[in-house]
Amino acid sequence: MLIAAGLDGIQRGLTPPAPALHDPVNLNDEERRASNVRPLPASQAEALQNLENDDVLTSALGDLMTRCYLATRRAEFAKGEAKGLEWARAATFTVY
């Protein structure tokens with residue numbers, strides 16, 4: 001996805017933002033804007049919605065892979081939500 005995003009930026013002639021030379025948490029609002037630093041999604045559901053809305057990334061994945069990935073990850077997220085945080089942690093540690 002990084003390569004797809006980079007190629008998209010090159011094709012569209014985008015100029016990269018100023019580098020964040022320090023921990024983004026310690027940047028003031030002006031420095032965050034200059035470096036295009038935005039907060040990460042607050043949940044897996046939000047991250048998956050962001051992916052679904054991103055034409056560059058979904059195009060790179062292709063329709064079938066995008067639908068399969070989103071369905072699988074959303075099912076995992078829903079199961080974790082239903083069974084609770086401790087179950088989700090334990091399940092994650094047994095897989096990874």
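Tutor: Residues are numbered from 1 along each chain as its sequence is written, and side-chain values use heavy atoms, without hydrogens and water. The model is predicted, so local features need pLDDT of at least 70 and side-chain atom pairs count only at pLDDT 80 or more, while totals for chains, interfaces and linings use all residues.

Student: Why are α3 and α5 called roughly antiparallel?

Tutor: The axes of α3 (residues 44-53) and α5 (residues 63-83) cross at roughly 165°. Angles over 145 degrees count as roughly antiparallel. The pair is therefore roughly antiparallel. Axes are lines fitted to C-alpha atoms, for helices over the stretch in contact, and angles run from 0 to 180 degrees between N-to-C directions. Helices are DSSP runs (H or I, at least four residues), numbered from the N terminus.

Student: What makes residues of α3 and α5 count as meeting?

Tutor: Contact means heavy atoms within 4.5 Å. In α3, Q44, A45, L48, Q49, L51 and E52 meet Y69, L70, R73, R74 and F77 in α5. The residues of this contact divide into six nonpolar, two polar and three charged. Ala, Val, Leu, Ile, Met, Phe, Trp, Tyr, Cys and Pro are nonpolar, Asp, Glu, Lys and Arg are charged, and the others, Gly among them, are polar.

Student: Why are α5 and α6 called oblique?

Tutor: The axes of α5 and α6 (85-95) come within 6 Å and cross at roughly 135°. Under 35 degrees is roughly parallel, over 145 roughly antiparallel, 65 to 115 roughly perpendicular, and the rest oblique. The two helices are therefore oblique to each other. K79, G80 and K83 of α5 touch L85, W87 and A88 of α6.

Student: What makes a space a pocket?

Tutor: A 1 Å grid is laid over the protein atoms alone, and a pocket is an open set of points with protein on both sides within 12 Å along at least five of seven lines. Lining residues have an atom within 4 Å of a point. The largest pocket has 19 of them, with A5, R38, N50, D54 and L57 nearest its centre. Its volume is about 730 Å³, counted as the space filled by probe spheres set on the points.

Student: Which helix gives the most to the lining of the second largest pocket?

Tutor: α6 does, with six residues. This pocket has a volume of about 370 Å³. Its lining divides into seven nonpolar, three polar and three charged residues.

Terms used
On a 1 Å grid over the protein atoms alone, a cavity is a set of points where a 1.4 Å probe fits but cannot get out, and a pocket is an open set with protein on both sides within 12 Å along at least five of seven lines; lining residues have an atom within 4 Å of a point.
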